Amino acid sequence: MNASFPDSAAAATLPETGLPPLHLLIAAPRGFCAGVDRAIEIVERAIERYGAPVYVRHEIVHNRFVVDTLKAKGAVFVEELDEVPDGKPVVFSAHGVPKVVPMAATERGLDWLDATCPLVSKVHRQAERKVEAGRHILFVGHKGHPEVIGTMGQVPEGAMTLVETVEDVARLDFPADQRLAFLTQTTLSVDDTAEIIAALKARFPSIVGPRAEDICYATSNRQAAVKAIAPRCQLVLVIGAPNSSNSLRLVEVAEREGSKARLIQRATEIDPAWLEGVTSLGLTAGASAPEVLVREVVAKLGTWRQVHEEPVTTTEEHMVFKLPRQLMS
Ligand code: 0JX
Ligand code: SF4
């Protein structure tokens, strides 16, 4: 099942099914990023240190399998801090939280651990700095996403305006002398964001922003890897959750490269009818999807077709983030 491509057996037709073999292009990098590894480790270490239950505000990362695995180890997931009982430890999710959340936890005397990805925290600090420097921030992101709520919650209300599209840029109305800065969510489409930033710079030539946008290395690497496989695929499967921004972007990227694409959470969601006429299939996973789910999908495909895997690696990742100080000792 794990034969590499090209392989003389690849041309053979499965005698039992009469179906042609499936050439499976597996994108790399895919799956867990350094921020997700760190966030999960924070919850696991917190359970070891404090004992169960350890509360987690919001899904630690947007993946049901990860959440269920941590639940089985003693994590309890809630949406708001006021659902955490007095005296119990709480972890904030990788997506970050508004400033008022750790403040409220401290006021209540709760032990809290911040699993916000350091790359999200970096945007938080930038937001504070720009506002301190007297600039209004145009924040490029998706309304309602927890990272957007967390980043907007770093500055006083009204100090930041959300921009979701190029059309939103055209609708902005600021005086010519308004000092502006832009920042972005970390898990956006690289291509869409470049267009939005170009529109911002065209409309407000003196706007300041980061040298590169704030899209993180993991998001851009996973999109580049999908770009490399999608033109060779009739269908790309993306393992990820419907509320996972970076996973949804991978589906869009594959579609823009001319492939069909489907977001799936588990192998059981694959409809065999999707594979009719498909001889070249792509597979990737969002930053919150564990590799075990990739192997589960490959195994499932192998029950229907002879599968020939071709890993397509566009870059290597070696990023590791330190744990919070409280967990180091
Ligand atoms: O919805 P997102 O892509 O921001 O989050 P997810 O799927 O949990 O991915 C890992 C956490 C990313 C934070 O930036
Ligand atoms: Fe951090 Fe990027 Fe991973 Fe989000 S996707 S947790 S910003 S490394």
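**View 1. Polar contacts across the interface of domain 2 and domain 3 in a predicted model.** Across this interface, 3 residue pairs, both members at pLDDT 80 or more, are in polar contact (N or O atoms within 3.5 Å; within protein, one able to donate a hydrogen and the other to accept it, and residues adjacent in sequence counting only through side-chain atoms on both sides). The side of domain 2 that touches domain 3 holds 3 nonpolar, 4 polar and 2 charged residues (charged: Asp, Glu, Lys and Arg; nonpolar: Ala, Val, Leu, Ile, Met, Phe, Trp, Tyr, Cys and Pro; polar: the others, Gly among them). The model is predicted, with local features requiring pLDDT of at least 70 and side-chain atom pairs pLDDT 80 or more, while totals for chains, interfaces and linings use all residues. Residues are numbered from 1 along each chain as written, chains are lettered from A and ligands numbered from 1 in written order, and side-chain values use heavy atoms, without hydrogens and water.

**View 2. The salt bridge between Lys99 and Glu128.** The closest N and O atoms of the pair are 2.2 Å apart (criterion: a side-chain nitrogen of Lys or Arg within 4 Å of a carboxyl oxygen of Asp or Glu). The interface of domain 2 and domain 3 has 1 salt bridge by this rule.

**View 3. Side-chain polar atoms at ligand 1.** An oxygen atom of ligand 1 lies 2.6 Å from a polar side-chain atom of Ser288. For Asn246, the distance from a side-chain N or O atom to a ligand oxygen is 2.7 Å; for a polar side-chain atom of Glu147, 3.5 Å.
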